Amino acid sequence: MPNPLSIETNTRARDSLLRRFEGFEPKAYPRPEGGGYAYGYGFNYDAAGRDVQPNATITKQQAESLLGIKAEQHAAKVRQDPGFKMLPPNARAAVESF
């Protein structure tokens, strides 16, 4: 299957999807679905696992680091599903990005 994202690895494709759909916001904002605040790439927690506070900020570099950590933690769980291995690379990236 062609790779429309022109990205070599599943991890890069996943993170690219997250960046594109979440967008980056350095200042805390109320979560659209309610229940607290988010910043960065839609994070509702900081690097220490604490809830994002109303006046909190995050740098792009901090957000990139947190994105890699949290996305990989989630992806490790998703990859355990037997059906995951049957998906093409871009579909895997999409599933991991959820």
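1. Let's start with E64, which sits in helix α2; helices here are DSSP runs of H or I with at least four residues, strands are runs of E with at least two, and both are numbered from the N terminus. Because its relative accessibility is 27%, E64 counts as partly exposed. That label covers the range between buried (under 20% relative accessible area) and exposed (over 50%), using a 1.4 Å probe and protein chains only.

2. A word on the model before going on: it is predicted, so local features need pLDDT of at least 70 and side-chain atom pairs count only at pLDDT 80 or more, while totals for chains, interfaces and linings use all residues. Residues are numbered from 1 along each chain as its sequence is written, and side-chain values use heavy atoms, with hydrogens and water left out.

3. What does E64 touch, not counting residues up to four places away in sequence? The partners are R19 and Y41, where contact means heavy atoms within 4.5 Å. E64 and R19 are 45 residues apart along the chain, and their C-alpha atoms are separated by 9.2 Å.

4. Now take helix α2 as a whole. Its 19 residues (60-78) reach 26 Å from first C-alpha to last, close to the 27 Å expected at 1.5 Å a residue; the expected span is 1.5 Å times one less than the number of residues. Buried residues in α2 are A63, L66, L67, A71, A75 and V78. They lie on the same side of α2, because they cover an arc of only 155° around the axis, taken from the directions from the helix axis to the C-beta atoms. A handy rule: an α-helix has 3.6 residues a turn, so residues three or four places apart point the same way.

5. Two of those names return with D15, a residue of helix α1 (residues 10-22). Beyond its neighbours within four places in sequence, D15 is in contact with L67 and A71. At 10% relative accessibility, D15 counts as buried.

6. Finally, the rings. Phe, Tyr and Trp (its six-membered ring) pair if their centres lie within 6.5 Å; planes under 30 degrees apart are stacked, over 60 edge-to-face, and the rest tilted. There are 3 aromatic pairs by this rule. F24 and Y41 make a tilted one, 5.6 Å centre to centre with 55° between the planes. F24 is in the loop between α1 and β1 and Y41 in the loop between β2 and α2, so this pair ties together parts 17 residues apart in sequence. F24, Y41, F43 and Y45 form one aromatic cluster.
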